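Trainee: Could you walk me through how to read a few features of a protein model?
Mentor: Gladly; let us look at it together.

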Amino acid sequence: MVAVEEYLKVLPAIQQAPGRAVWLSYDAEADVLYINFRQPSQADDSELTPDDIVIRYAGEEIIGYTVLHASRRFR
């Protein structure tokens with residue numbers, strides 16, 4: 001079991017998030033982390049960065065990130 005202190009490490013990022021709300025979900029089979037700043041999170045555009053992060057947009061607003069190969073980032 002992960003200690004609550006590990007979850008508290010994300011607090012600075014949440015404080016900087018649009019609306020200060022963040023929804024996270026992790027798909028272990030696909031090794032993908034979904035980070036959403038609003039629900040429902042339906043994008044009308046996206047871009048893939050060189051480090052395999054998909055930035056999702058609704059208009060000009062960033063509404064979330066999709067982090068591919070997520071577990072490789074925390075070794």
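Trainee: Which strand holds Asn36?
Mentor: Strands (E, at least two residues) and helices (H or I, at least four) are DSSP runs, numbered from the N terminus. Asn36 belongs to strand E2. A word on the source: this is a predicted model, where local features need pLDDT of at least 70, side-chain atom pairs count only at pLDDT 80 or more, and totals for chains, interfaces and linings use all residues. Residues are numbered from 1 along each chain as its sequence is written, and side-chain values use heavy atoms, with hydrogens and water left out.

Trainee: Is Asn36 buried or exposed?
Mentor: Buried means under 20% relative accessible area, exposed over 50%, and partly exposed in between (1.4 Å probe, protein chains only). Asn36 has a relative accessible area of 11%, so the residue is buried.

Trainee: What does the side chain of Asn36 join up with?
Mentor: A polar contact is a pair of N or O atoms within 3.5 Å; within protein, one must be able to donate a hydrogen and the other to accept it, and residues adjacent in sequence count only if both atoms are side-chain atoms. Here the side chains of Asn36 and Ser41 are joined by one of 3.1 Å. Contact in general means heavy atoms within 4.5 Å. Beyond its neighbours within four places in sequence, Asn36 touches several residues, including Trp23, Arg56 and Ile63.

Trainee: What is the order of the strands in the sheet?
Mentor: Strands of a sheet pair through backbone hydrogen bonds, either parallel or antiparallel. Two strands count as paired if DSSP finds at least two bridges between them. This open sheet has 5 strands in the order E1-E2-E5-E4-E3, with antiparallel pairing. Strands E1 (23-27) and E3 are at the edges with a single partner strand each, so one side of each has no neighbour in the sheet. E2 and E5 pair over 5 bridges, and Tyr34 stands opposite Thr66 in E5.

Trainee: How many salt bridges does the structure hold?
Mentor: A salt bridge is a side-chain nitrogen of Lys or Arg within 4 Å of a carboxyl oxygen of Asp or Glu. The structure has 2. In one, Arg38 and Glu61 have their closest N and O atoms 3.5 Å apart. Arg38 lies in the loop between strands E2 (32-36) and E3 (45-48) and Glu61 in strand E5 (residues 61-68), so this pair ties together parts 23 residues apart in sequence. Glu6 and Lys9 form a salt bridge too, at 3.1 Å from N to O; Glu6 is partly exposed at 43%, while Lys9 is exposed at 58%.
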